[in-house]
Amino acid sequence: VDMVGMIFQPYDNGQYSVMTKVYRGFSVPGISMEDPNNPVLKSFGDMDGAAISFKTDGIGDGINDFLDDTIVFASFAASKTRPNEGQPMLGSPDDETGTSFWIGTQMPNLTGGQFGLEYNHGSKYWRPFTYGEDTMIGSKMAVRGNAYEAYWTQPLIKDVFSMQIRYTYLDYDYTGSNAFFGYAGTPYSMSEAIGYGIDPVETAQDLRVYFRYRY
C-alpha cells in the first residue's frame, strides 16, 4: 500500500485546538475469492479518509482546579472506497462512505491521577487504517458499532513510573471491522451473518493493567 496525506492544524492557542487530516491509500489489498481453491492477495482499489478533531486542555479559565485539569475532545472522521472496476471493495462495487465519531474526557481524581471515559461509533462502511492496535480484541477505532472505554491512570513516582487500569467493550453492529478491503470486509449485520452460516463476533471485551517506567 502507498499512502499520501496532509495534517493541518488551523487553530491552537495552548488550551483550545483544532486538528485536521486527509489522506489516500493506493492499491489497498484484499483476498480474492474468484477461485475458491486458490485465494490470492491483490489490489481492490483506493481508499480516501479525512478527519477533524477538537480538544480543550482545561475548561474555562481559572474556575477551579478540577476544570483546569480536565481534558475534553471530540472527533469526526469519514472514509470512502474507490474500487477498481470488477473488484468490489468491502463487498460493494460502488463507492461507499463510512463515518465515525469519537468523544472523550480525562478528569483528575482524588489520588492525583486521571480518570478517563471514551465512546466511539462507526457506521456500516467505516474503514480506517488502524493496524497498530495493541489489544487482543483489535482496534476500537475501527468498530462498526459502538465502543466504550474507561481507564484510571495513576502516577507512582512523579512522571517516571505509572500504572493504568483500562476496560474496553466493543458492541458490533456489522462484521468486517478492520478486515482487508475485499470480501472479508463486507459489512453484514449480525442477523445477516448468522443467516449466511457465519458465526460473527457480536461483542468483545478487554481488561488490562500495566506498569510503565519511562527513562
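## Close-up views of a predicted model

**View 1. The Arg208–Asp206 salt bridge.** Asp206 counts as buried, at 10% relative accessibility (buried is under 20% relative accessible area, exposed over 50%, partly exposed in between; 1.4 Å probe, protein chains only). Its side chain meets that of Arg208 in a salt bridge, N to O 3.3 Å (a side-chain nitrogen of Lys or Arg within 4 Å of a carboxyl oxygen of Asp or Glu). Arg208 is partly exposed, with a relative accessible area of 23%. The model is predicted: local features need pLDDT of at least 70 and side-chain atom pairs count only at pLDDT 80 or more, whereas totals for chains, interfaces and linings use all residues. Residues are numbered from 1 along each chain as its sequence is written, and side-chain values use heavy atoms, with hydrogens and water left out.

**View 2. The Arg82–Asp95 pair.** Seven salt bridges are found in a search of the whole structure. In one, Arg82 pairs with Asp95, and the closest N and O atoms are 3.9 Å apart. This pair links distant parts of the chain, 13 residues apart: Arg82 is in strand β4, and Asp95 is in the loop between β4 and β5 (strands are DSSP runs of E, at least two residues, numbered from the N terminus). Arg82 is partly exposed at 31% relative accessibility, and Asp95 is also partly exposed, at 42%.

**View 3. The Glu118–Lys140 pair.** The side chains of Glu118 and Lys140 form a salt bridge, with N to O at 3.2 Å. Glu118 belongs to strand β6 and Lys140 to the loop between β6 and β7, so that the pair links distant parts of the chain, 22 residues apart. Glu118 is buried, with a relative accessible area of 11%, and Lys140 is buried at 9%.

**View 4. Gln164 in strand β8.** Gln164 is part of strand β8, residues 161-172, and is buried, with a relative accessible area of 6%. Leaving out residues up to four places away in sequence, Gln164 touches Tyr151, Trp152, Thr153, Arg208, Val209 and Tyr210 (contact means heavy atoms within 4.5 Å).

**View 5. The nine-stranded sheet.** Nine strands form an open sheet in the order β1-β2-β3-β4-β5-β6-β7-β8-β9, with antiparallel pairing (two strands pair if DSSP finds at least two bridges between them). Strands β1 (2-12) and β9 (203-213) stand at the edges with a single partner strand each, so one side of each is left without a neighbour in the sheet. Strands β4 (residues 71-83) and β5 (residues 97-108) run antiparallel and are joined by ten bridges. Ala74 has Ile103 in β5 as its bridge partner.

**View 6. Nonpolar cores and Tyr125.** The largest nonpolar core has seven residues: Val28, Phe44, Met47, Met89, Leu90, Tyr125 and Phe181 (a core is a set of buried Ala, Val, Leu, Ile, Met, Phe, Trp, Tyr and Cys residues joined through side-chain atoms within 4.5 Å). Another core, of six residues, lies apart from it and includes Val143, Ala147, Leu170 and Tyr172. Beyond residues up to four places away in sequence, Tyr125 touches Ser79, Leu90, Ser92, Glu96, Thr97, Gly98, Arg144 and Pro187.

**View 7. Ser123 in a loop.** Ser123 is found in the loop between β6 (114-122) and β7 (145-157). A polar atom of the Ser123 side chain lies 2.9 Å from the backbone nitrogen of Thr99. Apart from neighbours within four places in sequence, Ser123 is in contact with Gly98, Thr99 and Arg144.

Conventions. Helix = DSSP H or I, 4+ residues; strand = E, 2+ residues; numbered from the N terminus. Polar contact = N/O pair within 3.5 Å; in protein donor to acceptor, adjacent residues only side chain to side chain.
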